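Please keep the sequence and the structure in view while reading.

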Amino acid sequence: MLPLDPQADPGRRAWVACPRCADAHGCEPCEQRRTCSTHWRYLLTNTGSMLHLQCPGCTHVWVHESGFGATRSAWDRATDARPGL
């Protein structure tokens, strides 16, 4: 298990399902895509609509494309996923 990132700040939160622990499964507010006082993630950084998150429960770190705001183009997303293009 990784330690919490030094940038982890409870004041910067996001409500996105953790792809590793699925701790929000069965939570009514989370299943209705509402904010929940229990199942939030640390928002470490963001670049436009790309969020860098960490789960406070299992400490998993991942990147999530929110599709909100300054969204990157489909071409940028495809070339980031395929290095060398």
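A pocket, as the word is used here, is an open set of grid points where a 1.4 Å probe fits, with protein on both sides within 12 Å along at least five of seven lines. The model is a predicted one, and in this model the largest pocket holds about 470 Å³ of space. Its lining is made up of 19 residues, of which Ala 14, Trp 15, Val 16, Ala 17 and Arg 33 are the closest to the centre of the pocket. Two elements, α1 (28-31) and β2 (41-47), are those that give two or more residues to this lining. Sorted by class, the lining residues are eight nonpolar, seven polar and four charged.

Turning to the cysteines, how many disulfides does a search of the whole structure find? The search finds zero, and the reason lies in the sulfur distances, because a disulfide calls for two cysteine sulfur atoms within 2.5 Å.

| Cysteine | Closest cysteine sulfur | Sulfur to sulfur distance |
|---|---|---|
| Cys 18 | Cys 58 | 3.7 Å |
| Cys 55 | Cys 21 | 3.8 Å |

The sulfur of Cys 18 is therefore too far from that of Cys 58 for a bond, and the sulfur of Cys 55 is likewise too far from that of Cys 21. Cys 18 is buried, with a relative accessible area of 5%, and Cys 55, with a relative accessibility of 0%, also counts as buried.

Charged side chains come next. Side chains of opposite charge can pair when their charged atoms come close. The structure holds one salt bridge, in which the side chains of Asp 23 and Arg 41 meet at 2.7 Å, N to O. This pair links distant parts of the chain, since Asp 23 belongs to the loop between β1 (13-14) and α1 while Arg 41 belongs to strand β2, 18 residues apart. Are the two partners buried or exposed? Asp 23 counts as partly exposed, at 29% relative accessibility, whereas Arg 41 is buried, with a relative accessible area of 1%.

Aromatic rings complete the account. The structure holds one aromatic pair, formed by Trp 40 and Tyr 42 in an edge-to-face arrangement, with 5.0 Å from centre to centre and 85 degrees between the planes. Both Trp 40 and Tyr 42 are buried.

Key. Residues numbered from 1 in each chain as written. Predicted model: local features only at pLDDT ≥ 70, side-chain atom pairs only at ≥ 80, totals over all residues. Heavy atoms only, no water. 1 Å grid on protein atoms, 1.4 Å probe; cavity = no way out; pocket = protein on both sides within 12 Å on 5 of 7 lines; lining within 4 Å. Points joined across faces, edges and corners; volume = space filled by probe spheres on them. Helix = DSSP H or I, 4+ residues; strand = E, 2+ residues; numbered from the N terminus. Nonpolar A, V, L, I, M, F, W, Y, C, P; charged D, E, K, R; others polar. Buried < 20%, exposed > 50% of the residue type's maximum accessible area, 1.4 Å probe, protein only. Salt bridge = Lys/Arg side-chain N within 4 Å of Asp/Glu carboxyl O. Phe/Tyr/Trp six-rings, centres within 6.5 Å; stacked < 30°, edge-to-face > 60°.
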